[in-house]
Amino acid sequence: MLGVTGATGEIGRRLTRRLADRGEEQRLVVRDASRVETLPGVEVVEFGGYGDEDGMRKAFAGVSTLFFCSAKESEDRVVQQRSVVDAAVTAGVERIVYLSIIGAGPQAAFTLARDHYDTEQYIRASGIPFTFSRQSLYADFLPMLSGEDGVIRGPAGDGRFAPVLRDDVADVLVNVLVQPGHEGVTYTLTGPETVTLAEIADLLTRLTGRRVTFENETLEQAYASRAAYGAPEWEVESWVTTYTAIAAGEWDVVTDDVRRVTGHDPVSIQQFLKSLN
Ligand SMILES: NC(=O)c1ccc[n+]([C@@H]2O[C@H](COP(=O)([O-])OP(=O)(O)OC[C@H]3O[C@@H](n4cnc5c(N)ncnc54)[C@H](OP(=O)(O)O)[C@@H]3O)[C@@H](O)[C@H]2O)c1
C-alpha cells in the first residue's frame with residue numbers, strides 16, 4: 001500500500017492520477033476528503049494535518065511506502081515535519097519519499113531550504129529507508145512572479161537557476177514510488193537549462209505578449225517593497241532569500257535526474273511558456 005500526503009495539492013493531484021493510471025493501490029492522507037478526486041484504487045483517510053501525530057499513526061498503519069509532501073511554509077514547519085517522521089516510524093512505514101528542495105542545507109541562503117535539510121536529517125536518523133526528491137523552483141510559478149505592473153522584483157542579480165515543471169516532478173515521483181532501486185538516493189530535479197530572471201522577463205514578454213521586466217532590488221529595497229503585506233518576519237525573509245539564493249548561485253545546477261528516472265527530457269521554460277498561448 002502506498003500512502004500519499006499532499007494529495008489535495010498541485011504535486012499530489014498529479015501524482016495520484018499517475019499512480020491510478022498505473023493501477024496502483026493508494027491511501028490518500030488528507031485534511032479534507034471532499035477535495036480529493038475520485039480515482040480507482042484509492043482509499044481516503046482524513047487527519048488533522050502534520051501536527052496530528054495520533055491521526056497520522058492511524059492513517060499510516062499498513063502503509064509500506066509513504067510519499068511525504070513537504071508542508072506549507074509556517075513558523076513551526078520543522079516541528080510538524082518531524083512529527084510526520086515519528087508517526088511513520090511508529091506505524092512501521094518501510095520507506096519515505098520526501099519532497100525536498102534544491103540546495104537543502106544547514107547554511108542555505110534560502111531560509112526554508114534549512115527546514116528541508118532538518119527534515120532530511122531527521123528521516124536519515126529515523127532509520128527508515130528514504131528517497132529525497134529535491135526539486136528546483138517550479139517553472140509553473142514563473143508567469144506569476146511579476147506584479148500587476150509587469151515587474152519582477154528581487155535581489156537575484158544575474159544569478160542562474162533551472163526551473164522544473166510540476167508535471168516532470170510528478171513523473172519522477174511516480175517512478176520512485178513504484179519501482180525498486182531508489183533507496184538512499186537524493187535526486188535533484190531541474191529543467192534542462194539555467195536562466196536569469198532578466199531572461200525570464202524577456203521570454204515572458206516574447207512568448208506571452210505581456211511586457212515583463214526585471215528589477216534587481218537591493219536587499220533594503222526588497223524588504224521595503226514587501227513590508228506592506230504585513231507578513232511575519234520569517235515569511236518575509238523566506239520571500240527575499242528566494243532571490244538571494246539565486247544571486248548566490250545556489251540553484252545554478254542542471255542535472256539529468258528527470259531523464260534518468262523517467263526516460264524523457266524535462267520540459268524547457270520556452271516550451272512551457274509557449275504552451276500557455
Ligand atoms: N519548488 C518550489 O518552487 C516550491 C514552491 C512552493 C512550495 N513548494 C513546496 O512543495 C510542496 C508541494 O507543492 P505543491 O505545489 O503541490 O503545493 P500545494 O498545491 O500548496 O499543495 C500542498 C499540499 O500539502 C498539504 N499540506 C500542506 N501543509 C500541510 C500540513 N501542515 N499538514 C497536512 N497537509 C499539508 C496541502 O493540504 P491542504 O490542501 O489541506 O492544505 C496540499 O495537499 C509545498 O507544500 C511546499 O512545501 C515548493
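I am working on a predicted model, in which local features need pLDDT of at least 70, side-chain atom pairs count only at pLDDT 80 or more, and totals for chains, interfaces and linings use all residues. Residues are numbered from 1 along each chain as its sequence is written, and side-chain values use heavy atoms, with hydrogens and water left out.

**Sheet.** I looked up the strand order first. Seven strands form an open sheet, ordered S3-S2-S1-S4-S5-S6-S8, and the pairing is parallel. Strand S3 (42-46) and strand S8 (185-189) are at the edges; each has a single partner strand, so one side of each lacks a neighbour in the sheet. From one strand to the next, the twist averages 20°. My terms: helices (H or I, at least four residues) and strands (E, at least two) are DSSP runs, numbered from the N terminus. Two strands pair if DSSP finds at least two bridges between them.

I then checked one pair. Strand S1 (residues 2-5) and strand S2 (residues 26-30) run parallel and are joined by four bridges. Val 4 is opposite Leu 28 in S2.

**Helices on the sheet.** Helix H2 (residues 53-60) packs on the sheet and touches S1, S2, S3 and strand S4 (65-68). I read about 170° between the directions of H2 and S2. Helix H5 (residues 166-178) lies across S1, S4, strand S5 (95-101), strand S6 (130-135) and S8. H5 runs at about 160° to S5. Contact means heavy atoms within 4.5 Å. Axes are lines fitted to C-alpha atoms, for helices over the stretch in contact, and angles run from 0 to 180 degrees between N-to-C directions.

**Ligand.** I counted the shell next. The ligand is surrounded by 26 residues (one heavy atom within 4 Å), and the closest are Thr 8, Ile 11, Arg 31, Ser 70 and Gln 80. By class, I find eleven nonpolar, eight polar and seven charged residues in the shell. Here Ala, Val, Leu, Ile, Met, Phe, Trp, Tyr, Cys and Pro count as nonpolar, Asp, Glu, Lys and Arg as charged, and the others, Gly among them, as polar.

I looked for backbone partners too. A backbone N or O atom of Glu 10 is 2.9 Å from a ligand oxygen atom. For Tyr 138, a backbone N or O atom is 3.0 Å from an oxygen atom of the ligand. A polar backbone atom of Ser 136 lies 3.1 Å from a nitrogen atom of the ligand. Of the 900 Å² of accessible area that the ligand has on its own, the protein covers 82% (Shrake-Rupley method, 1.4 Å probe). Helix H1 (10-21), helix H3 (77-91) and S5 are the elements that give two or more residues to the shell.

**Arg 18.** I found Arg 18 in helix H1. Its side chain reaches the backbone oxygen of Asp 167 at 3.4 Å. A polar atom of the Arg 18 side chain is also 3.1 Å from the backbone oxygen of Arg 14. Not counting residues up to four places away in sequence, Arg 18 touches Asp 167, Ala 170, Asp 171 and Val 174.

**Thr 255.** Thr 255 lies in the loop between helix H8 (233-247) and helix H9 (257-262). Its side chain reaches the backbone nitrogen of Asp 257 at 3.3 Å.

Terms used: Polar contact = N/O pair within 3.5 Å; in protein donor to acceptor, adjacent residues only side chain to side chain.
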